[in-house]
Each structure stands twice: as C-alpha cells, then as structure tokens.
Amino acid sequence: MAPSEAIDRFRQGVGEHRWPHLIERLDRMNRHIRERGIKPWQNQVDLLTGYSYGEFYDWDLYFENIYMSYFGVSRYCRNNLEAFLDQQHPSGFVARTLAVPRMRHQFKPFLAQVAVLGCRQGNDWRWLRGKYYDRLVKYLDYWFWYCDLDKNGLAVWDGADHSGMDNQIRRAGELYSMTVEGVDLNCYLWRELHALAIIAEQVGKAEDAKAYRLHAGRLAALINEVMWDDRDGFYYDRNERTGQPVRVKSVAGFTPLWLGIADPGHASRLIDEHLTNPREFWINYPVASWSKSEPDYYQQRRGIECTWMGATWIPTNYMIAHGLVRYGRGELAGKLAYRTLDLVLSEADAREYYDGETGAGQGLNPFWGWSGLGYLLALELELGYDATDLDLAQVKPIGCDLLGLQFPRE
C-alpha cells in the first residue's frame, strides 16, 4: 500500500478525535526516553533502558530499539550490545542483565538480532568484524553447549524468570532448575541463527553463514516434531528430564507463527482453536499471556510481581500480529493491532503491561520501554512493513517520515 493510503487508513483506525492524543503521546514518550531512559554507563557511553530503576535487560533491548527505529535512532543497538558483550565470560556466557548481572541467566537469544537491526539502519557492518563477531559466535554456542543437557538440539530455560515471563513457573520451571525446553526460547534461537548468518555474510564468513542456516533448518524441524501436539493443536514446552510435554497453554505457544515455521495446517489450528478462542486467549484486550482455561489464570498483579498469568503484554502482541500476517490473516492482525492501540492510549502514559479484562495499566508508570510498540504496530501493518523481518533491506524511520515526528536532539 502507498504510504499516503496507509496513513489515511491508520488515521481512520485511530479516529480523528484520538489522533492529536496519539501524536502527543508519541512526543511525550520520546521525551521520557530522552530525559529518563538514556543512562550513562561507566562514564564511557550512554545506554538505553525502558526502566526507571536503571537496569538493562536482554529481549527488552531488541524491542526498545525497534521503537527507536521509528525515529531513526540506531546508536543504542551498538552501544548496548557492546556493553553486554564486553562483560562476556570465557565460556561465552553473557548475563541477561547489565547493572546487576544475573550470573545463571544467559542473555536471551536477541543479541545478533539487535546487531542486524542497527546495521540495517546504518548499512555499516564493519564494527562487528573481529572481536564482536567472535563474541556473538561464542554466546550462541553457549546456548547449544551448556543449555541443552540431553543434547537433543533444543535448549532449556533456567526457570520462568529466565524466560522473561517471570511467574510462569508451571510452564518454564522454578528458578535455576534448567528443566524446560521452551517453545519461545528455541524460536528465538532460530531467529538468532538467521541473524548471525546475515552478519557472517556481511563480515566475509560465507561458510559460517551456510552452517548457521543449516542449523536453523534443523532447529525448525525439531520444534515442529517435538513441540507440536496434534491432539491439542498447540505448541507445548518439553520437560527435558521426563521427555514429556508441559501441557500448559501460554502465549509462548504462538511464537512459531512469528517465525513462519509452523505448518499452515498447524497455524490454522493454533489461530482458530486457541488464539481467537474467548475461553482461552482472545479476552477483552487480547492476547492473554496465560490461557483463561488454565486453573491458575489471573489478571491483577499480586504484590510487586510482574505477572504473566493472564495479563496482556505489548511485545507478545507485536510478535503475534506480525505472525498472523505471515499466514495470510491480515484482517485478524489488524484487529489485534488496533485493540493493542486502545490499550496504550487508555491511560495518561504507556504502562509496563495491562489487565486484559479491563484494560487497566499495571506495573511501571510511566513506562517508556517496549510498550511503545503498541502506538505504531497498526501503522506497520497498514504499510505492509515488519521491522522484525530479518531479510528487510532497510529499517525505516516511519515515525519521522510519515508522521513528521523527531526524537529530541541528543
């Protein structure tokens, strides 16, 4: 679709009465990031975080930088990536947090994707040659050498907290348990293999690139062979010690849609039987992070937790929406995107996550991290654009080019 037509459709979807509100919200979020989310690190470089308490996280970094790409800002892809890789251990281990390293939790498989996202904006891959390419290789090797205890080709989470879906213990295991092969984890690894193959090609490592693509093909086959449950029509995690599926329906089970590796028949069952099922994931403000059919489903946080037991999170909606487009379900993706926009516009500022039944914000307030994706996800879909597409020729500053917004001068 032509950009002008896409903007018209997006503006219509937002509604004229809410359009000024959306523009003001984007401007305010950018000011929050500039004033509060850019932090000096070791008196050497500025880093990006969506968290007011100043920690830097793994998968957050990828989605935060997608939001920044809307405004042509790519430097934090490199700055943050180098800061994490500079802390790498000889084994290849990279802690998933930076300010207070969690020494049992390897950085989730997003580092190479962060690098590709940054380079697709600047077309300069030279900084990855040598040290940082070698460190990315060692970090990815760590996942397959140290986090695949039965050597079946599928890596394990070190508990639910490691997965980022903090309290999904019944799915991903107790803290430091190293028991569960996550559907989400192995899908992220598939993307990371492809991202590292792209980097390898750019830095003159053609044989490495070929090996990574072949590995990704084997991993996709394993995900579909081991984790797809034909009886239930769902992708389940696997307990590595027992060899049995973990029969818990979580938003993680939709990750293969984002990759496009699900068989079309499997994808149809996943979407029609589960995603759009109001008794499971399609609640008032979809997508529930934990199926409503699970006995321990709930929405409101308990104490100071970040809950993934039903609450709606913007980055998982973002991944699912783009996955739906991959399977020809653009209309449904649009419904999800505009419902997600309703969430992020529902309060004075974006929130960390939301009550999927009422739409009430939860967690950090204000939050200038990955929830910002909810503002322009629908515009991406109207444009037929996917900032997470690893084969994208160029990442576009759609907020600048199409909305006339600029990130505050740094």
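Predicted model: local features only at pLDDT ≥ 70, side-chain atom pairs only at ≥ 80, totals over all residues.
Trainee: Where do we start? How many disulfides does the model have?

Mentor: The count comes to 0 disulfides. Take C119: the nearest cysteine sulfur is that of C77, and it is 8.4 Å away. A disulfide needs the two sulfur atoms within 2.5 Å, so C119 is in none.

Trainee: And what about C187, how far away is the nearest cysteine sulfur there?

Mentor: For C187 that sulfur belongs to C147 and is 16 Å away, and C187 is in no disulfide.

Trainee: Is C187 buried or exposed?

Mentor: C187 is buried, with a relative accessible area of 0%. C119 counts as buried too, at 2% relative accessibility.

Trainee: Okay, helices now. How many residues does α2 have, and how far does it reach?

Mentor: Helix α2 covers residues 19–37, which is 19 residues. From its first C-alpha to its last it reaches 25 Å, close to the 27 Å expected at 1.5 Å a residue.

Trainee: Which residues of α2 are buried?

Mentor: W19, L22, R25, L26, M29, N30, H32, I33 and G37 are buried. Looking down the axis of α2, the buried residues fall within an arc of 155 degrees, so they line one face of the helix.

Trainee: What sits on the other side of α2?

Mentor: P20 and E35 are there, and they are exposed.

Trainee: Switching to strands. How do β1 and β2 pair?

Mentor: Strand β1 (residues 38–41) and strand β2 (residues 45–48) pair in the antiparallel sense over 4 bridges. P40, for instance, has D46 in β2 as its bridge partner. The two strands form a hairpin with 3 residues between them. In the turn, Q42 has a positive phi of about 50 degrees.

Trainee: What's the strand order in the open sheet of 4 strands?

Mentor: The order is β3-β4-β7-β8, with antiparallel pairing. β3 (156–157) and β8 (245–246) stand at the edges with a single partner strand each, so one side of each is left without a neighbour in the sheet.

Trainee: How many bridges join β3 to β4?

Mentor: There are 2 bridges between β3 and β4 (residues 180–181). V156 stands opposite E181 in β4.

Trainee: You mentioned a positive phi at Q42. Where does K151 sit, and what is its phi?

Mentor: K151 is in the loop between α6 (131–146) and β3. Its phi is near 55 degrees, a positive value in a residue other than glycine. K151 is partly exposed, with a relative accessible area of 46%.

Trainee: And M178, buried or exposed?

Mentor: M178 counts as buried, at 15% relative accessibility. M178 also has a positive phi, about 50 degrees, although it is not a glycine. Look for M178 in the loop between α8 (169–172) and β4.

Trainee: Last topic: what's the volume of the largest pocket?

Mentor: About 350 Å³. The largest pocket is lined by 22 residues, and Y53, Y57, D166, C306 and E352 lie nearest its centre. Helix α3 (residues 58–69) gives the largest share of the lining, 3 residues.

Key:
Residues numbered from 1 in each chain as written. Heavy atoms only, no water. Buried < 20%, exposed > 50% of the residue type's maximum accessible area, 1.4 Å probe, protein only. Expected span 1.5 Å × (residues − 1). Arc of directions from axis to C-beta. Pairing = 2+ DSSP bridges. 1 Å grid on protein atoms, 1.4 Å probe; cavity = no way out; pocket = protein on both sides within 12 Å on 5 of 7 lines; lining within 4 Å. Points joined across faces, edges and corners; volume = space filled by probe spheres on them.
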